[in-house]
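Please look over the structure below before reading on. The briefing then goes through it topic by topic.

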Amino acid sequence: MTEEMPVRETVAQKRAPQKQNLIYGCIIAALAVFAAASAVFNAKNGAGLVVFGILLALLAGGFSAYCFALYFAQKKLPDVLIYAEGDVLFCYRHKEKDYERIPLSDIVSVEGGITAREVRSGLLRIRTAEKKTEIYEILQPFAAREKIAELRIAQRERTGGGNDEM
């Protein structure tokens, strides 16, 4: 008798790269170049304008680099951020760049983003008795929450567990 391999089921995918970050980065980089050029052209008018232009260029360059970093970091995420295999949920951890195993039976609650900012960032929180896991950049966090609830119900029916309150 052969054992069946658990089927990998996608729960949540990453959302498309936010092109607005790339556009903001380009616009702010152009402003940084303009500020640097104004510092050069104002060199004969005094040190104050030169220092102001250089500081403005550095500030705009920092914001531009931040926008580019957000865009390219989001592009490097794996396509599937949460998947289920058998009775285990695998959630992508951004800092560690690997997947965390969470047994479906250990999940206490799952919630999508609460504030408008969390919803825009595609946040999903999975709570167990021991800790809280946050996954960002999910395409449809509320659909993922419902999928996890369905997986938990199916897992409880297979194991003969009690009622499921989520």
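The model is predicted. A search of the whole structure finds 12 salt bridges, and the count of aromatic pairs comes to four.

**Strand pairing**

- Strand E1 (residues 8-13) pairs with strand E2 (residues 80-85) in the antiparallel sense, over five bridges.
- In this pairing, Arg-8 stands opposite Glu-85 in E2.
- Strand E2 is also joined to strand E3 (residues 88-93) by four bridges, and these two strands run antiparallel.

**Aromatic rings**

- A pair of aromatic rings is described by two values, the distance of the centres and the angle of the planes.
- The count of aromatic pairs is four; among them is the stacked pair of Tyr-83 and Phe-90, with 4.9 Å centre to centre and 15 degrees between the planes.
- Both Tyr-83 and Phe-90 are buried.
- Tyr-92 and Tyr-99 form an edge-to-face pair, with 5.3 Å centre to centre and 70 degrees between the planes.
- Tyr-92 is buried, at a relative accessible area of 9%, whereas Tyr-99 is partly exposed, at 28%.
- Ring pairs link Tyr-83, Phe-90, Tyr-92 and Tyr-99 into a cluster.

**Nonpolar surface patch**

- Ile-23, Tyr-24, Ile-27 and Leu-31 make a nonpolar surface patch of about 410 Å².
- Ile-27 has its place in helix H1 (residues 19-41) and is partly exposed, with a relative accessible area of 48%.

**Positive phi outside glycine**

- Lys-97 is not a glycine, yet its phi is positive, at about 55 degrees.
- Lys-97 is found in the loop between E3 and strand E4 (98-103), and counts as exposed at 63% relative accessibility.
- Glu-137 is not a glycine either, and has a positive phi of about 65 degrees.
- The loop that holds Glu-137 lies between strand E7 (132-135) and helix H4 (141-159).
- Glu-137 counts as buried, because its relative accessibility is 17% and the cut-off for buried is under 20%.

**Salt bridges**

- Side chains of opposite charge can pair when their charged atoms come close.
- Glu-111 forms a salt bridge with Arg-125, in which the closest N and O atoms are 3.3 Å apart.
- Glu-111 lies in strand E5 (residues 107-112) and Arg-125 in strand E6 (residues 124-128), so this pair ties together parts that are 14 residues apart in sequence.
- Glu-111 is partly exposed at 22% relative accessibility, while Arg-125 is buried with a relative accessible area of 9%.
- Glu-111 also forms a salt bridge with Arg-127, the closest N and O atoms being 3.4 Å apart.
- This second pair links distant parts of the chain, with Arg-127 in strand E6 and Glu-111 in strand E5, 16 residues apart.
- At 30% relative accessibility, Arg-127 counts as partly exposed.
- Arg-125 also meets Glu-118 in a salt bridge, at 2.5 Å from N to O, and Glu-118 is buried with a relative accessible area of 18%.
- Through salt bridges that share partners, Glu-111, Glu-118, Arg-125, Arg-127, Lys-132 and Glu-134 are joined into one network.

Note on methods:
Residues numbered from 1 in each chain as written. Predicted model: local features only at pLDDT ≥ 70, side-chain atom pairs only at ≥ 80, totals over all residues. Heavy atoms only, no water. Pairing = 2+ DSSP bridges. Phe/Tyr/Trp six-rings, centres within 6.5 Å; stacked < 30°, edge-to-face > 60°. Buried < 20%, exposed > 50% of the residue type's maximum accessible area, 1.4 Å probe, protein only. Patch = residues over 30% accessible without salt bridge, like charges linked within 9 Å, V, L, I, M, F, W, Y side chains within 5 Å. Areas by Shrake-Rupley, 256 points an atom, 1.4 Å probe, with all protein chains shown as cover. Salt bridge = Lys/Arg side-chain N within 4 Å of Asp/Glu carboxyl O.
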